[in-house]
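Load the model and keep the sequence beside it. The walk-through below goes chain by chain.

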Amino acid sequence: MSWWTRIRSAFEASRQDAELDDELAFHIAERTDELVAQGMTQSDARREAMRRFGNYTTQRETTRDMDIALGVETVVKNLRYGWRQLRLAPGFTAVAVLSLGMGIGANSAIFQLIDTIRLRSLPVRSPQELVAVDNAKGFSRSGWANGRNQLYTYAQFEQIRDRQKAFTGVLGFGTWRFNLSRGGESRFAEGLFVTANYFDLLGIAPFLGRSFTKDDDRKECPDAGTVVSYAFWQREFGGDPGALGRTVSLDGRLFPVVGVMPQGFGGLEPARRFDVALPLCADGLMEKDRKGRMHIRHAWWLTIIGRSKPGWSVERASAHMNDLSPGVFRESVPEVYRPDAVKKYLANKLQAVSAATGVSSLRGRYENPLWVLLAAAGLVLLIACANLANLLLARASAREREIAVRQAMGASRTRLIGQLLAESLLLAVLGGALGAVLARILSQALVAFLDGGQNQLLLGSAVDWRVFGFTALLAFATCLLFGLAPAIRATSSAPAWAMRGGRGSTGTGERHGMRRMLVVSQIALSLVLLVGALLFGRSLRNLMNTETGIRPDGVLVASIDAKLPQLPPERRRLIFEELEDRIKNEPGVVSAAVVWLSPFSGSGWNNSVAADGKDAEQGKKEVWMNRVGPGYFSTMGTAMVAGRDFTRHDDLTSRKVAIVNEEVAKKLYASANPVGRTFRKEGPAGKPDEVYEIVGLVKNTKYNGLREDFRPIAFFPMNQDPEPRAGLSYMVRARGPMDGVLASVRRKVAETNPDLLVEFRVLEVEARSSVLRERLMANLSGGFGLLGGLLSMLGLYGVMSYMVARRQSEIGVRMALGAGWRDILRLIVSEAGVLVAVGLVIGLAGSYALSRYAESMLFGLKPNDALTLVLACVALAATAIVATLIPARRALKLDPVTALREE
Amino acid sequence: MGKAKNDILQGTLTLLVLRALEARGAMHGYALCGHIQTVSSDLLRVEEGSLYPALHRMEQEGWLKASWKVTESGRKAKFYAITPAGAAQLAAERANWQRLTRGVARVLRYS
């Protein structure tokens, strides 16, 4: 009993005091009555009663203490004692707290990232009812895709919206990055084009003003306004309620703010938050023809979400979507498709998936890596727990004698166990606190890393207390379990035995066996971690060393946008050429060239191509394309194999020409040098194919990322573009510091035309961020591998030190009998060797079983890469030798006489 | 946490209280004082004030259970009764006591 009463007593002191006073007053009153009955006067009787009672106040206080202090005070004392003990062993405490803290911190941080992009429900009304329309396996589409999550065309949206019976409503949205700037350096806002029912269907009421109504989403979009997010309102308008009616410039067009959304809502993409939303029809306002993508049947730009009717499960909705597919696609065939494309298009099928947690482009790329990392972090936590258990066990054996002495002197068993337990508890609390701090730091670092310095990702970086609670609980359980078990054992052994020294060959065997088991499992687990780290590290190295065909170092990418309405399209070409000449003449610039799609930017353009003489349908190949200006290849460091580069005279008045890479030569012509030959580029339906003559052959280059295989690429000259686009990039090869060149290019842009928008990137950074995922995996798994290895070596060191201490007398005897240092060394190393060998074998089996889950994340090597396995084993074995040699040295230095005397 | 002042009953008070409650059922502190004094034919006197810390401690240990009742004189008093744990403690302390007295008696007789 009484734990509860005691603690309650501590809080209910006043009621207890009153009861105690009543009890004592009763005693005095009874005594007084008795004395009065014996003939005393009332006042004399009372005085006598008090005298017999003794010191009333002292007795009352003593009694009160009995109620309150006994339990709580003991706990406080135990904790204070535990704290003193921990401070006496700073090495033990530091290792225990650090290993726990790192395990807890890493797990919390990574789980949180997963939670944000995968598990957390959206802050909308009944998120579990939300269902996203999705493409079934083998979906084929071609045309013009823009933005993230760009799954459907507007025609398909209309068809799905009008045909479906599963949803109470269907919404569609497209994403867009708007430029807020009205000239000079670009400033971007994450934008949404949404159907008018978007906010209503999600159940989000505006914080200020209004959301969209049917009137906002009409064909002509007469007076489109924008609904902005709370964060944008705070950032751009300082949270001024008068912001309603003021305007925002989006890609150079002014839109009045009609509403502000509440703080919690950031759109349907968990990791990215929208800044501004426009009605769908406003997309047309951005185009010259005022029509936009709503009217283009091959423009894929929308995500479609429905809210299920009651009783419609995701599976039922999915089957329904599948049933609707033929009708939806029949009625939405893009006009530009040729018959074979139409055939493929009509075979497409739809399905439905739950959208309760939102839709995210990060999910596909990072979900699996993050689960792998979480598993790795879990292993680290396991190793940390094993380490802690090991440390606590070692500590308990070391203190056996002390405990025995105290027990013999009359310390109660509960008190001793309580003290040992208090120590473990303190460790858990300290480790947990450190874990909370580390989780915060690591999670911020992770977000910054994934973001790549672009500040577009807004993952919550606050610590998730549920996750933290879970991992902390695990740590507490470990501490208590491995703190309590040795405590109970230590206090239950007969004091006399322990005081004899407890260093004989019996008794501690069982506990030592457990410690050895812990070390074996630590070594096994850390081998798995190490193998993972090496696999990901070597993948990254393979990627970084892969031949890209270009030299990205020292290249600055200046993306210029001339889309502001005050810049007439017909002047673009002149402006761009003037700017190119100005940049080339800057000091510090080696060369410069223009290009449509800079490599690694994530954009792409492909089309069907047939080599000359081949049958139009048979010899068709998908070829990736780009448009470049003169000097592009030399600027990028791509070698010209044959033929010539483009010049400015390759324009609309001259013959249509192209430069192809070696992959095209191989795939289309099966020849080493196709210069002089021609190919046909398939035109849209109803338009004739275009014929190009190949004038140059270049080395293969990567198109969009380091990971991809070389693709066939055809380059077209910039000046043969019949309708110059508003945006292009200047690739500027700089000599010397990038900053100076960047500043001078910025100046030249402003001098050429103040209405041009410019955005700078560094090509090398772009190349590296195209392997962001691999770098994340390599860095984190490397860190975990290192941590796991370190912890298990600490464990091994602990066990070996203990073994040396325990067998001190045996070693002494052996030495006295003439054993040389070789024999002693063999004794110790063989014991460690068995542990390491068993651990490595188990670890190898584990790695073999687990590494195939990482297969899709590797590059240039197989999951069971022999070299990696050998490397990991060698690394662990080598450190194990170091961890063994330190205690072995101690054993060799033993003086046999001293060792024997202690027996 | 102060201990009770030194008196002749140090250490044996628990034994006496448990035995009294076992024999006579629930009693309040005042009655216990009188009872021990009477039964021991005035040989043992409990210092009245020191009885209460002992009672409260024994209650916390789980040997006694307390409840408030109204006495014949019409006052509210706290009555203590022995619990099964208290009975076990009594048996242990009784054995201890007998060993101690036997030992002391032998020492007095033979040395």
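Predicted model: local features only at pLDDT ≥ 70, side-chain atom pairs only at ≥ 80, totals over all residues.

Residues are numbered from 1 along each chain as its sequence is written, while chains are lettered from A and ligands numbered from 1 in the order in which they are written.

Start with confidence. pLDDT is the predictor's confidence in each residue, from 0 to 100. Chain A averages 82, and 89% of its residues score at least 70. Residues 501–508 of chain A stay under 50. For that stretch the model has nine contacts beyond four places in sequence; a contact means two C-beta atoms, placed from the backbone, within 7 Å.

Now the cores. A nonpolar core is a set of buried Ala, Val, Leu, Ile, Met, Phe, Trp, Tyr and Cys residues joined through C-beta atoms within 7 Å. A residue is buried if 20 or more other C-beta atoms lie within 10 Å of its own, exposed if 12 or fewer, and partly exposed in between, with C-beta atoms placed from the backbone. In soluble globular proteins, nonpolar side chains tend to be buried together.

The largest nonpolar core holds 160 residues. V380(A), L388(A), L527(A), M731(A), V732(A) and L796(A) touch the most other members. Helix α12 (residues 361–398) of chain A gives the most to this core, with 20 residues.

Leaving out residues up to four places away in sequence, V732(A) touches V555(A), L556(A), A558(A), I583(A), V589(A), A592(A), V741(A) and V745(A).

Turn to chain B. Of its 111 residues, 32% count as buried. Chain B has four helices and three strands, in the pattern α-β-α-α-β-β-α along the sequence. Helices (H or I, at least four residues) and strands (E, at least two) are DSSP runs, numbered from the N terminus.

Strands pair if DSSP finds at least two bridges between them. Seven bridges join β2 (residues 64–70) to β3 (residues 76–82) in chain B; L64(B) has I82(B) as its partner. Two bridges join β1(B) to β3(B), where M27(B) partners Y80(B).

Finally, the turn. β2(B) and β3(B) form a hairpin with five residues between them, and G74(B) there has a positive phi of about 85°.
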